[in-house]
Amino acid sequence: MTKEEFEVLQLDLQQSGKSIKEYLHDAGVNYSTYNYWRKKLQEKASPKPELAPISFTQSSDPVFTGGVPSGATLLFPNGLRAHFGSGTEDVLRELLDKSLVNHVLP
């Protein structure tokens, strides 16, 4: 089966008013073949997930107790906070640059 044949099959199925099982039986198409093409084309149609935004700020966060720490804190959208002490900012930037190289959105 080709992509074009599957698209025609999908259109015919929608217009038939039959259940998938009944239509596939009448058309002589295995459900596994139908399901394979459905998933394959669904994956291509689905956009790649975007990276969650991360804010990179200098620490002056009141959440920390016992004084304000120096350095940088990463604040993730899920509430996670990752603190990097003073003097580690360059290492942190390099780490982020290297980890995000393959995740640049078009």
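**An exposed serine and a pair of crossing helices**

With a relative accessibility of 53%, Ser 86 counts as exposed, since the threshold for that class is over 50%. In this predicted model, Ser 86 sits in the loop between β3 (81–85) and α4 (89–100). Once its neighbours within four places in sequence are set aside, Ser 86 is in contact with Ser 70 and Gly 71. Gly 71 lies 15 residues away from Ser 86 along the chain, yet the C-alpha atoms of Ser 86 and Gly 71 are separated by 3.7 Å.

Of its 106 residues, 18% count as buried. Among contacts in the chain between residues at least 6 apart in sequence, 24% join residues at least 24 apart.

How confident is the prediction? The chain averages a pLDDT of 74, and 69% of the residues score at least 70. Among the elements, helix α2 (residues 20–27) has the highest mean pLDDT, at 92, whereas strand β1 (residues 55–58) has the lowest, at 54. Where pLDDT is low, the predicted coordinates should not be read in detail.

Helix α2 also takes part in a helix pair with α1. Two packed helices are described by the angle between their axes and the distance between the axes. The axes of helix α1 (residues 3–16) and α2 come within 10 Å and cross at roughly 120 degrees. The two helices are therefore oblique to each other, because the roughly perpendicular range ends at 115 degrees and the roughly antiparallel one lies over 145. The crossing of α1 and α2 is right-handed. On the α1 side, the contact is made by Leu 9, Asp 12, Leu 13 and Ser 16; α2 contributes Ile 20, Tyr 23, Leu 24 and Ala 27.

Conventions:
Residues numbered from 1 in each chain as written. Predicted model: local features only at pLDDT ≥ 70, side-chain atom pairs only at ≥ 80, totals over all residues. Heavy atoms only, no water. pLDDT = per-residue confidence, 0-100. Helix = DSSP H or I, 4+ residues; strand = E, 2+ residues; numbered from the N terminus. Axes fitted to C-alpha atoms, helices over the stretch in contact; angles between N-to-C directions. Parallel < 35°, antiparallel > 145°, perpendicular 65-115°, else oblique. Left-handed = near helix turned anticlockwise from the far one by under 90°. Contact = heavy atoms within 4.5 Å. Buried < 20%, exposed > 50% of the residue type's maximum accessible area, 1.4 Å probe, protein only.
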